[in-house]
Amino acid sequence: MSFRTRILLTLLGLILAVQGTAFIAVYFATGRSARTQIEAELGASERVFEALMERREVELAQAASLASGDFAFKTAFALRHVPTMVTALRNLRSRIGADEAALLDLDHTLLAADPEMAVSSERTTLPHLIEIAERARAVTASGVDFVGARPYLLVTVPLMAPVPMAWITLGFDLNDVLAAELKELTGADVSIGRREGGQFSIYASTLPEARRAELSQQAARGEWQRGSLTDIMLGGEPFVTLLSPLGNFTSSSLQVVLQRPLNEAMASYAELRLFLALLLAAGLIVSAIGAGLIARNVTSPIRRVVAAVEKVAAGDYSVTVGVQRGDELGQLAVAVNQMTQGLAERDRARELLGKMVSQQVATELLGRRLELGGEQRVVTVLFADILGFTRMSEHMPPGELVSVLNAYLTAISNVVERHGGIVDKFIGDSVMAVFGAPIPQPDHAQRAVRAALSMHGSLNDLNRTLVERNRPRVRFGIGVNSAAVVVGNMGSTRRLNYTVIGDGVNIAARVEKLTREYEVPILVTASTQAEAPGFLFREIDRVRVRGRDEPVRLYQPLGEASAFAEESVHRLEMWHDALRRYRSRDWSGADAVLAKLQEGEPDSTLYAMYRARIETLRLAPPGAAWDGTFTQA
Amino acid sequence: MRTLLAAAVAAVLLLSSAARAADVAGIVRDANGAPIADAILYAAPRNAPTPAAPAASAPLAIDQVNAQFPFVTPMRRGSTVVFRNADTFGHTVYSVSQAKTFTIPLSRDVVSAPVVFDTAGVVVVGCSIHDWMIAYVLVLDTPYYAVTNATGTAVLQNLPADTHDVYVWHPGMTTPPQPLPITVAAGAIGNAEFRIDLKLDGLWKIDRNNPVGRFVTP
């Protein structure tokens, strides 16, 4: 994730967290507030409902009292003629809009009723009501109860003529019309019902049919207590619901369900919520733009710095970071520019150094503190020299000479470095290379042998160049020796060289010179040969070089062992056989093998040399101390 | 509530000749011993023949004074009653009681048309335009009755020698009166006295200033 994205996301995240928290807080606060409000409203509805019912009872009782005081009705009662009483009741009933009317004797016997059926099917309620009136010594009694299958608001008043002569009971059906009236006044949906046999029967309601069924199902389940509020889903919409007992007869177990849609109260907050949501969205957009600008303001110079640094890393020191700012980013740009400059200088120094010393040595020198001192280490030293270069140079203009030499030395240097060695120094036309320092390499001998073999290619290139320039071809000799030497920075405190010194170096130089004697391009000492498995070697000689008692065993590397045909290997074995015979003084045997080999390679100096030695030794057999070692004159 | 004849002091009446009758006084008290006025005492002889009602006796009058009826009026069955209006305004006298149902249309007549009470029983008489006017008329099959005065005393006069079922009735009773046997010995002369403890349930009172009925317990 980029820095810019991270800044952007962090800022947006913070803003979202702050605004989101505010939004959520408001969202829940309004939700709570709406609920509190609706609950308060529902409580008010309940009180209004109760007051309305009470007032209605009182009003109905008054109306009933007034109606019962009607003298004509008293005379109708006096007639004690049922059809007359029924029609009088009907008249009375319609005057005050009652749905039921009944007349009972003082001993609670039903005298007449209208409509007849409903009252006569339920004979228990009305005397009950009269008893209440009697017990209360009141002139009226009222309450909500069932008459037949319907709940009624019942009012019982005495027929005063002039003292109570009978009881008139008037019933007002608790129906949808009443519920609608109550809804208008309470503002809540009103349903009247009761639990019976595991279900909640609704007798009157302001709810549409489908919702009644839902309410019925849920009310049957719920364990509601008076004053407890419940949320009920009707038609997928939440209704805050209040259930309370209706009327003064608990026996009726009638309950009133008051409901208000939660969304109604939420509606007033919906606008606020919408506004807040829009504010949140707008805030996020503005913040996103702002954060984007900030991020760009911050990251754009950083990206320029990064681009510059990437170029510098790729080696291009020409770049300059163009960030003109007074802040930390400006300082960073200045620092990067200074660093680039410093790197460029250092690189130039290194390049220069690399030209003077090997690349690896330069790195080594630059990488650590430059101080005098060295350590002993086993390395392989390689000397390469062009044979006959001096003679060639005599016939060549100096400019051409330098150009040819430089091309050659560059090629040689490249080969050395390709194989992990360092060019220690150039000595005229010869090159001294070291493998295994300054970086230790366990396979330094192998690397040196492989580099030596590879130098053939470079020689061919050189010869091609020379032929093009009409110059004679050249040969070169390579001497390789592995030995413990001292490596390190040597010289004075003001000027020093990273180099290797030791006898092993001298031996390598000597061995290189010996290639001319044997006319082989490469010679390695036994110590190198032993360290370089995988190559095919031809043993050349055992030589006691000048000034040294210890004989040196010399080998010519032929190439990777796997690359040789059986025939070549066979010839190599023949040669080694000849060498063995020579060393065990089997002159004729050795000579015969050599003669055989010479047939295949008539130009071989080596075979000729050995045959010459055998000739000499035959004539003057050596002493007992002779062990086949050739002592250099 | 029941009316209690909790303690009846059966008088042993000292009477001399069969031709003579005796006056017997009864005192009606409540449970606390307080006298009960406006109770009607009446006696029904078990064996002696009830004298026939005088065929053309003068009608009884029930007066309406200051929009008020007399509280209780006992009378012999078959009595004729006129309602006399002493007020400056009219009344509509009516009854829906089973013993006698009648209505005298609103009138300012000083004396109403006669009403014959020909069935024994309680007749509650009212005025349809003055709800508080209540008159209790007790129509009896016996001529022996009297209304208790403020001391709770009523005198049953000229009781023939016989064993009588004596009853006491008051509008505050909601159950029928129970008989109390009183024996008047043949030839007894003079007065005798007995007491009845009566418990009243209560009365419907209607305040003329606020004519809504109230059941008032004594």
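Predicted model: local features only at pLDDT ≥ 70, side-chain atom pairs only at ≥ 80, totals over all residues.
**A tour of chains A and B**

Residues are numbered from 1 along each chain as its sequence is written, chains are lettered from A and ligands numbered from 1 in the order in which they are written, and side-chain values use heavy atoms, with hydrogens and water left out.

**Strand β17 of chain A**

Show β17(A) with strand β19 (residues 630-631) of chain A; the two pair in the parallel sense over 2 bridges. Strands are DSSP runs of E with at least two residues, helices are runs of H or I with at least four, and both are numbered from the N terminus. Two strands pair if DSSP finds at least two bridges between them.

Colour β17(A), residues 535-544, by accessibility: 9 of its 10 residues are buried. Buried means under 20% relative accessible area, exposed means over 50%, and partly exposed lies in between (1.4 Å probe, protein chains only).

Go to Asn337(A) in helix α9 (residues 328-356) of chain A. Asn337(A) counts as buried, at 19% relative accessibility. Leaving aside residues up to four places away in sequence, Asn337(A) touches Thr320(A) and Val321(A); contact means heavy atoms within 4.5 Å.

Then select Tyr27(A), in helix α1 (residues 3-68) of chain A. Tyr27(A) is partly exposed, with a relative accessible area of 37%.

**The sheet in chain B**

Move to the open sheet of 5 strands in chain B, ordered β4-β10-β9-β6-β7 with mixed pairing. At the edges stand β4 (72-76) and β7 (101-107) of chain B, each with a single partner strand, so one side of each has no neighbour in the sheet.

Inside the sheet, select strand β9 (residues 121-127) and strand β10 (residues 130-140) of chain B, which pair in the antiparallel sense over 7 bridges. Which residue of β10(B) is the bridge partner of Gly121(B)? The partner is Val139(B).

Finally, bring in helix α2 (residues 71-79) of chain A, which packs on the sheet and touches β6 (91-96), β7 and β10 of chain B. The direction of this helix makes about 35° with that of β6(B); axes are lines fitted to C-alpha atoms, for helices over the stretch in contact, and angles run from 0 to 180 degrees between N-to-C directions.
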